[in-house]
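I opened this structure to learn my way around it. These are my notes on what I looked up, entry by entry.

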Amino acid sequence: MKKFLQEFKNFALRGNVMDLAIGVIIGAAFQAIINSLVKDIISPLIGLIANTDLSALQFTILDVPIRYGSFLTAVINFIIMAFAIFLLIKTMNIIASLGRKGNEEEPEVTIKICPYCQSEIHINASRCPHCTSEFIETEGAD
């Protein structure tokens, strides 16, 4: 049991798990902000057309209320949340790419082309493994 608790502690305190927990908490808070934006600002503005709050719109079939206004509110919440996450990820990718542009180096050449069969071979090869042609290149020659 002690080993099990130690494994759980190691798992729970790893960086990835903590990052995920923080992300979930911030996401829940952000969702509350989006819900308030839609419920308290956007829905009433859209509801001006119907002279009622958007989330209150409904119709009844056989004494069963169908709350399509509440569904529309949830769709608006989703669209705003998805767009905000898209912008956040796009911005983070742009920031990450700025740091990489200055650090890019030319990749090390590890292959060359056989002058006889045009196959790719290792840069240090003196015989082509495909056509078995033997060739000797001087250092630095292309």
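**Entry 1: overall layout**

I read the elements of the protein chain from the N terminus on, and they run α-α-β-β-α-β-β. That comes to three helices and four strands. I note here that the model is predicted.

I checked confidence next. The protein chain averages a pLDDT of 79. A score of at least 70 is reached by 89% of the residues. I marked residues 138-142, where pLDDT stays under 50. For that stretch the model has one contact beyond four places in sequence.

Then I asked how much of the chain is buried. What share do buried residues make up of the 142 residues in the protein chain? I found 12%. The accessible surface of the chain comes to about 11800 Å². Carbon and sulfur atoms account for 65% of that surface.

I also looked at contacts between residues at least 6 apart in sequence. Of these, 21% join residues at least 24 apart.

**Entry 2: the nonpolar patch**

I looked for nonpolar side chains on the surface. One patch is formed by F59, I61, L62, V64, I66, Y68, F71, L72, V75, F78 and I79. Together these residues have about 1100 Å² of accessible area. I then sorted them by element. Strand 1 (59-61), strand 2 (64-66) and helix 3 (68-101) each give two or more residues to the patch. Which element gives the largest share? I noted helix 3, with six residues.

**Entry 3: a ring pair within the patch**

I searched the whole structure for aromatic pairs and got two. I followed up the pair of F59 and Y68, whose ring centres are 5.8 Å apart. The planes stand at 35 degrees, so I logged the pair as tilted. A stacked pair would need planes under 30 degrees apart, and an edge-to-face pair over 60.

Both residues are also listed in the nonpolar patch. Y68 is found in helix 3. I checked how open each one is. F59 counts as partly exposed because its relative accessibility is 39%. Y68 is partly exposed too, with a relative accessible area of 32%.

**Entry 4: D63, between two strands**

I moved on to backbone angles. Most residues other than glycine have a negative phi. I placed D63 in the loop between strand 1 and strand 2. Is D63 buried or exposed? Its relative accessible area is 75%, so I wrote down exposed.

**Entry 5: T132, past strand 4**

T132 has a positive phi as well, about 60 degrees, and T132 is not a glycine. I found T132 in the segment after strand 4. Its relative accessibility is 48%, so T132 counts as partly exposed.

I took one distance from T132 back to C117. The two are 15 residues apart along the chain. Their C-alpha atoms are separated by 9.4 Å.

C117 lies in the loop between strand 3 and strand 4. With a relative accessible area of 29%, C117 is partly exposed. I set aside neighbours within four places in sequence and listed the contacts that remain. C117 touches C128, H130 and C131.

S119 lies in the loop between strand 3 (111-113) and strand 4 (120-122). Why does S119 count as buried? Its relative accessibility is 17%, and the cut-off for buried is under 20%. I listed its contacts in the same way, again leaving out neighbours within four places. They are K112, I113, C114 and H130.

**Entry 6: the salt bridge**

How many salt bridges does the count come to? I got one. R127 forms it with E134. The closest N and O atoms of this pair are 2.9 Å apart. R127 counts as partly exposed, since its relative accessibility is 45%.

Definitions and conventions: Residues numbered from 1 in each chain as written. Predicted model: local features only at pLDDT ≥ 70, side-chain atom pairs only at ≥ 80, totals over all residues. Heavy atoms only, no water. Buried < 20%, exposed > 50% of the residue type's maximum accessible area, 1.4 Å probe, protein only. Contact = heavy atoms within 4.5 Å. Phe/Tyr/Trp six-rings, centres within 6.5 Å; stacked < 30°, edge-to-face > 60°. Salt bridge = Lys/Arg side-chain N within 4 Å of Asp/Glu carboxyl O. Patch = residues over 30% accessible without salt bridge, like charges linked within 9 Å, V, L, I, M, F, W, Y side chains within 5 Å. Areas by Shrake-Rupley, 256 points an atom, 1.4 Å probe, with all protein chains shown as cover. pLDDT = per-residue confidence, 0-100.
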